[in-house]
Amino acid sequence: MPKMKTKSAAKKRFRVRPGGTVKRGQAFKRHILTKKTTKNKRQLRGSTAVHETDMGRMSQMLPGRGI
């Protein structure tokens with residue numbers, strides 16, 4: 001059997017934490033920031049975890065990463 005390949009886009013966008021959760025960046029922070037409130041932009045800072053309902057898709061895109 002050939003090896004399972006990792007999706008290149010997922011490899012660039014996600015990191016698997018030691019506990020098995022997946023870290024992702026926040027969306028809606030790149031452009032058109034003038035109409036967003038300061039509170040909204042402040043709450044979009046930093047990174048967050050992928051929701052548990054999406055972890056099945058993450059394990060398909062990142063095989064062999066301990067998810």
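1. Two strands are said to pair if DSSP finds at least two bridges between them; strands (E, at least two residues) and helices (H or I, at least four) are DSSP runs numbered from the N terminus. By this criterion, two bridges join β1 to strand β2 (residues 22–25), and the two run antiparallel. Val-16 stands opposite Val-22 in β2.

2. The structure is a predicted model, in which local features need pLDDT of at least 70, side-chain atom pairs count only at pLDDT 80 or more, and totals for chains, interfaces and linings use all residues. Residues are numbered from 1 along each chain as its sequence is written, and side-chain values use heavy atoms, with hydrogens and water left out.

3. The chain has three helices and three strands, in the sequence pattern α-β-β-α-β-α. The strands form an open antiparallel sheet in the order β1-β2-β3, with β1 (15–16) and β3 (47–49) as the edge strands, each pairing on one side only.

4. Leaving aside neighbours within four places in sequence, Met-58 is in contact (heavy atoms within 4.5 Å) with Phe-14, Val-22, Val-50 and Ile-67.

5. Pro-2 lies in the segment before α1 (8–13) and counts as exposed because its relative accessibility is 67%. The C-alpha atoms of Pro-2 and Arg-24 are separated by 29 Å.

6. Of the 67 residues of the chain, 15% count as buried. The C-alpha atoms fill a box of roughly 50 × 20 × 20 Å, taken along the principal axes.

Terms used: Buried means under 20% relative accessible area, exposed over 50%, partly exposed in between (1.4 Å probe, protein chains only).
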